[in-house]
Amino acid sequence: MFDYSIYQEKNYNELIAERNRLEEKYAQIETDCLKDNLSFAEFCNKAHDVKDRLYAIDKFLRMKEDPIMTYGKEWTGTLYEINKFKEMCDEAHQMFTDEDGIGYYATETGKSNVIVKPSDFVYDMVRSDFTHVLWFNK
């Protein structure tokens, strides 16, 4: 099993470079599988490790991304206090999953551009510089 903690030590630009490298590798696997007329299941098997690494890098990138805040707008989403949102995402409640919508880190008065996913709370990869989540259901 791959040790994802190595991504924790990388800075934002190093993570972007690694993501780009892995996206190229993923595309190459896809191309090779198409050329070899492999099934989707075979492609998934070959691309599994790369896809898992991309998933982890996405989480670490969002932890390190410099937020851009927007203030003075009314949002159609629901604003949750971050600990309440965490409780709603935990394994016991699972009121929200990554497939249910999209969330953004926020404060009481502003929305950031940084995405937060319910699985971030399950993996305890949550930023401490925000007090709220602005959630938009699908």
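Visitor: Does Asp124 count as buried or exposed?

Guide: Asp124 counts as exposed, because its relative accessibility is 59%. (Buried means under 20% relative accessible area, exposed over 50%, partly exposed in between, with a 1.4 Å probe and protein chains only.) This is a predicted model, where local features need pLDDT of at least 70, side-chain atom pairs count only at pLDDT 80 or more, and totals for chains, interfaces and linings use all residues. Residues are numbered from 1 along each chain as its sequence is written, and side-chain values use heavy atoms, without hydrogens and water.

Asp124 sits in the loop between α4 and β5 (132-137). (Helices, H or I of at least four residues, and strands, E of at least two, are DSSP runs numbered from the N terminus.) Its phi is positive, near 55°, though Asp124 is not a glycine. Asn37 is also not a glycine, and its phi is positive at about 55°. That residue lies in the loop between α1 and α2. Asn37 is exposed, because its relative accessible area is 70%.

Now follow α1, residues 12-35. Its end C-alpha atoms are 35 Å apart, which agrees with the 34 Å that its 24 residues should span. (The expected span is 1.5 Å times one less than the number of residues.) Leu15, Glu18, Leu22, Ile29 and Cys33 are the buried residues of α1. They pack against α2. (Contact means heavy atoms within 4.5 Å.)

Helix α2 covers residues 40-64. Its 25 residues reach 34 Å from first C-alpha to last, close to the expected 36 Å. A kink of about 55° is centred on Ala47. (The bend is the angle between axes fitted to the seven residues ending there and the seven starting there.) Ala47 is also buried. Other buried residues of α2 include Phe43, Val50, Arg53 and Phe60. Their cover includes α1, β4 (110-116) and α4 (118-122).

Together with Val122 and Tyr123, Tyr55 makes a nonpolar surface patch of about 290 Å². (Patch residues have over 30% relative accessible area and no salt bridge; like charges are joined within 9 Å, nonpolar side chains, meaning Val, Leu, Ile, Met, Phe, Trp and Tyr, within 5 Å. A salt bridge is a side-chain nitrogen of Lys or Arg within 4 Å of a carboxyl oxygen of Asp or Glu. Areas come from the Shrake-Rupley method with a 1.4 Å probe; for residues, only the protein chains shown count as cover.)
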